[in-house]
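I opened my notebook to write down what I looked up, one entry per topic.

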Amino acid sequence: MKATSTQIPRTKAVRTGGFSLRLDLRAFTVVVLLLVCALAASVVLIGTGDFPIPAGDVLKTLFGGGDAGQEFIVNELRLPRVLVGLLVGAALGLGGALFQSISRNPLGSPDVLGLSQGSTAGALVMIVLFSGSATAVTLGALVGGLVTGLAIYLLAWKQGVHGYRLVLVGIGVSAVVTAVNGYLLTKADLVDAARAVVWMTGSLNGRDWTQVWPLLALCAVLLPLVLANARGLRMMEMGDDVSYALGVRVERVRLLLMVAAVLLTSAATAAAGPVGFVALTAPQLARRLTRSPGPNLVPSLCMGATLLVTADWASQRAFGADQLPVGVVTGVLGGIYLLWLLVTERKAGRI
Amino acid sequence: MNPSTKPATNASANEDNRRSTVNRLSAENVTLAYDQRVIARQLSVEIPDNSFTVIVGPNACGKSTLLRALSRMLKPTEGRVLLDGQVIQSMPAKKVARTLGLLPQSSIAPDGITVGDLVGRGRYPHQGILRQWSNEDERVVQESMAQTGVAELADRYVDELSGGQRQRVWIAMALAQQTPLLLLDEPTTYLDIQHQIDVLDLCAELHEEQGRTLVAVLHDLNHAARYATHLIALREGAVIAEGAPGDIVTAELVEEVFGLRCQVIDDPETGTPLVVPAARKARARAHTDLGKVAATEAS
């Protein structure tokens, strides 16, 4: 990473009237490319399945020009599934970026902190103890994630929440909840256990419009809120003292963004199950592409959506429609990435 | 240097009339504590306007704690810190940040940040959702980098710089905040002697040429005596003496504050007080003498 940016200006100032903005050109390009990738992968994914549809027809159908059969398959079966995938990926990418930035640690992501395990516990309680409906399981996962998030925050609180303590407390909470999950599974009968394990892997199979709307609404509310506080979060990278001196209300911003991140990851997990490692990898990959300091919130969001949809497409291509849950693919890829991260962080002397 | 960029040192003429005797920044009877550990009780300090105030004292005497309280990082358990006549905690965070800047002891440069980007972050209290990077921001950042001599480093990564350069960059960031009051917590720590003097010269320049009020915590008493216009000597959370270094720095004071026997002579370069610690053997004799006195008093 020697000074490669010296020749070309990195940023461009955009100013009109009372509005001014400094645009990071590289980050902007990355966002545009990722969006293009996500949309392209979505179109291909819609066309993939037991009844393949060429990309051209998919586009035609999406804009209302397909025949009745294609219309049904695209709009009723596959589009909502892909939208859930995009939204879940985006929510996990954003939630992960928020957590990693707040904890100032690439390991401080919801997977490691035990939020996914918390959601799983909520879902397992519903499946195993109450044999609940799909809606009940979703609600259970949501509540489980929120309660775990609250527990981590309270346990890590000591005159404010600090990065390392957050990660360590999260790992501890994660261990406890994993044990509880194991206990719940041993108590389950065979049918419930099978259902639980499918849920726990994280999958987009059979997702329809009823999952799309709540997720979309939540993202529509939280995204502006998060972006409005993104500049404060950027300052907080320099430590609490510096950001406080610059006029950032550190604790308030941190609490607000943590609540948003917990809501995003819990909702995503409730919709698709604990799809592993997207929240961990998306922000890091985005950061390596933009090469820009700062929380990289929007690039992480786009990266999350792209990753999830691409992983789902890869699993369908390689193993056939609905054979392999997307969580397996992200888990394998993410696990390899985590190992690599641990090794490089160790070499850099950070852990 | 452009005269229009001088920060306003007085809020307004009216305010000055109304509160003519009171300085902009002061602590009134503050009790400072971390959790249950009390660092200072009933401490009152005035920062004279347009001064270069330096706070000195032995380790753990509450220097940095006082600075944290003055910059609203630490809320006093009793008493209050006043900025322009208002309790500092009750003021909007960004308003304080436009009046009072702080360079803390520990600051983290984010991975892969360039000098220009870091200095630009000092503009945060002047920005909003809509106004994120104005011409004014650009100009002030360029100027702050020029004043601190880091303009040619603008595109370099902060992690590649030497300790002295890095400290200049952080000072540039604090300057970009354009605050009439600037607080520095041990700005010379970890720097070699040349860079220490370099940073102190820069501070003196900011004070003399731009009329900023500076408050710094320094370890080196001789540096403090040479550069400060106003010195505050602390011990165990209490002010032992304050005033111009030439008036207050005496062998007695150094012994009282630091428990160190010494001579105070005139600095051959500047004429300011220069503290020369007594030789080891002389101090050892003093200790045994003291011991004898204590023994005779006890018997």
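I looked up B:Leu66 and its contacts, skipping residues up to four places away in sequence. I found B:Leu32, B:Ala40, B:Leu43, B:Val45, B:Ile55 and B:Leu234. Contact here is C-beta atoms, placed from the backbone, within 7 Å.

I noted the ground rules next: this is a predicted model, where local features need pLDDT of at least 70, side-chain atom pairs count only at pLDDT 80 or more, and totals for chains, interfaces and linings use all residues. Residues are numbered from 1 along each chain as its sequence is written, while chains are lettered from A and ligands numbered from 1 in the order in which they are written.

I then checked the largest nonpolar core, which has 175 residues. Such a core is a set of buried Ala, Val, Leu, Ile, Met, Phe, Trp, Tyr and Cys residues joined through C-beta atoms within 7 Å; buried means 20 or more other C-beta atoms within 10 Å of a residue's own. A:Val88, A:Ala91, B:Val54 and B:Leu66 touch the most other members. The largest share, 17 residues, comes from α3(A).

I turned to the strands of chain B. An open sheet of 4 strands runs β2-β1-β4-β5, with antiparallel pairing. Pairing takes at least two DSSP bridges. Strands are DSSP E runs of at least two residues, and helices H or I runs of at least four, numbered from the N terminus. β1 (residues 25–34) of chain B pairs with β2(B) over 7 bridges. B:Leu32 stands opposite B:Ala40 in β2(B).

Methods: Buried ≥ 20, exposed ≤ 12 C-beta atoms within 10 Å, placed from the backbone. Contact = placed C-beta atoms within 7 Å.
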